Structure formats: C-alpha cells, structure tokens
Amino acid sequence: MKIKKNYDLTKLNTLGVSAVAKEFIEIENEEDIQELFHLKEFKENKKMFLGGGSNILFTTDYDGIVVLNKLTGIEIIDETSNEVVVRSMSGVVWHDLVLFVVQKGYWGLENLSLIPGTVGGAPVQNIGAYGAELKNVLDTVETLDATDGSKKVFTKAECEFGYRDSVFKNKFKGKYFISAVTFKLSKIPKPNISYKILSDYLKEHTIEANDLKNISDAVSAIRRSKLPDPKVIGNAGSFFKNIFLSKEIFSEFKKKYPDIRYFEEGETVKIPAAWLIENCGPAEGGASWKGYRIGNVGVHEKHALVLVNYGGGTGKELRDLAESIIESVLLKFDLTLTPEVNLI
C-alpha cells in the first residue's frame, strides 16, 4: 500500500465536485486492512472510508486520510431448502451483488436494482426503493473499529435501522469500517410489487411478476427513465429524504393542500419530497424548483429530488442550492427537508 498526498477526489464522487484529500490510500484485501490500522498516518489523522462516492457531497477539501474501499468477493455461507445467506465484501458494487443473486434465483434484492454505490454503503443508509428496504433482508454487518481494528459484528437489531438511517450514519458515524455484509434471501418466489409505479410498469408492459429477473429489469428500466446517469451528469440520486407525518397532522395538512401526493405507510403518511420541491420555487421567481439551474448546478428537469452538477459546479454551490430549497419548502409548507446525502 502506498499513501498518496493531496489526492484529487473529483472522480471518486458521483456528483463530480472537486475536492482534495490530504492523504489517500486504497485497500484491496485483508492484508491491506491489517496494515492500514498500523499506519502512523491512519492513526494520527481524521479518517473517512469511501466506497462508490454516490451519497456524499464534498463542500470543501478533506483535511485527513481518505481510505478507498476496493474489497471484493461474494460467497454463499449458509443454505436451506427455503433460504440462503449470502456474504458480500463491502467494496463490491451494489448492483453487481443484485445481479449475482438474481442470476442465482434468490429473492429479496431485486427491487433495489441499479441503486448506485457499494455494498458497504447500503447499511449506512438503509437503502430502499420501490417498496423494499435493506433492513428486510439484512442479516449481519461485519465491521472493524476505526481506532484499533478490532472486529465487531452487528446484528440487524444493533444496526438500529430507520428511514434512510442507521447507527453507522449517526451514533457511530466514522467509528467503524464496514468490511462485509450478509443477507438472508429467499429461494421461494416472493414478488414485491406493492409500489404503484412498479406495478403499473409491469401491467403496461405485460410482464410476469413471478419472475425474479423481470422485476429487476423493470426496476432498472424505471430508474434509467427517471434518474440521470452519474457518468453523464453529476448527481447523487435522491438528495433529500421524504417527509413522514402522523395521520392526524396530515389530515389537517391535506385540507390546506388537497392535491398533495402521499402514501399511507402504517400509522404514518409519507409525503414525497419531490412533490414539495416541485410545488415551490426559488425566491427570484418561478413556480417550481424542478429544472432550475444556477451556474453549473441545478435541479434535474425530470426529477425534483435530484440535484445535479452540469460540470464545474462546486460542493459549496450545491450545498447553497440545497439550503435554498430547504428554506423555500419550510416557508411554504412549514416542513423541514433533510438531506439524504452526507455533507462533508
């Protein structure tokens, strides 16, 4: 392993913003991990573990050491007639893992197809899409203490999963390096097509829902039609979390905004952040933030939840845009948007 100084991180974050790490190193195997925790530079600096860079916004240079996770490998570690436990190293590209289990015929990850990032970032965010969440199939998270390299395995309960949240994003942020994740998947077909956009797509294209690959392909097609490719235009997918209200509070809210889009989820009601952003606009005029552009950054024309870097935009410009949107939504709806993306 070789430590690099003043390393350019522009190509290592999907928003494509320019940032420099004071020190930078890549880890590719178990030997690298053991060596890493003995390095003077690692011990003495603040540290960040970086995977796909798909859920991060660098608003400034990083005055510490960035560790790029390149740990790869997928294996089946346990199996019954109905279930299978799959272990993936944390540096594996998330969609590569999805393709692996879909090809094997294992149900549980298909609705999470084409989500950008690596396996190690998935439990941090408790990723979710099209009616599915990671917590529903996660078994354990294998970690190393960032201070001494000691191993700890987190159970699902210990991860304290919430909506796009976990202990790794708040209470233990930066304290553990996720080395591997295990998933408990089903061999028995369990199609989840409860999400309206997905079910409508399957009906419209007369696609059988009991076929695992069909669902994965449908989810991928929907994502490609709605979300820009980070390789073409810099973005981090959904920039903000959706809003959840109690049914009592929502009933009053709906009286004021009868046309609001919403989804009932148990005892709460989800208001899509995209709807809120679409229905208020910038202070200088305009009915909607959707499609808004200022300089080299803006809000995507097809999806209001996606902030984009058209090229040359800075992290500060994107942060300022996000703060303006938050202020606008708060002023009109008295609701506070929270970034899903990690701001550094």
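Contact here means heavy atoms within 4.5 Å. The model is predicted: local features need pLDDT of at least 70, side-chain atom pairs count only at pLDDT 80 or more, and totals for chains, interfaces and linings use all residues. Residues are numbered from 1 along each chain as its sequence is written, and side-chain values use heavy atoms, leaving out hydrogens and water.

Select helix H5 (residues 196-204) and helix H6 (residues 212-226). Helices are DSSP runs of H or I with at least four residues, and strands are runs of E with at least two, numbered from the N terminus. The axes of H5 and H6 lie 10 Å apart at an angle of about 110°. That makes H5 roughly perpendicular to H6, a term for angles of 65 to 115 degrees.

Next, show the side chains between them. From H5, Ile 197, Leu 198, Tyr 201 and Leu 202 meet residues of H6, among them Ile 215, Ala 218 and Lys 226.

Now select Leu 198, Ser 199 and Leu 202, the buried residues of H5; buried means under 20% relative accessible area and exposed over 50% (1.4 Å probe, protein chains only). Looking down the axis of H5, these buried residues fall within an arc of 95°, so they line one face of the helix. H6 is part of what covers them. Turn to the face away from the buried side to find the exposed Lys 196, Lys 203 and Glu 204.

Finally, go to Asn 13, in the loop between strand E1 (4-8) and strand E2 (20-27). Asn 13 is buried, with a relative accessible area of 4%. A polar atom of its side chain lies 3.0 Å from the backbone nitrogen of Val 17.

Terms used
Axes are lines fitted to C-alpha atoms, for helices over the stretch in contact, and angles run from 0 to 180 degrees between N-to-C directions. Angles under 35 degrees count as roughly parallel, over 145 as roughly antiparallel, 65 to 115 as roughly perpendicular and the rest as oblique. The arc is that of the directions from the helix axis to the C-beta atoms. A polar contact is a pair of N or O atoms within 3.5 Å; within protein, one must be able to donate a hydrogen and the other to accept it, and residues adjacent in sequence count only if both atoms are side-chain atoms.
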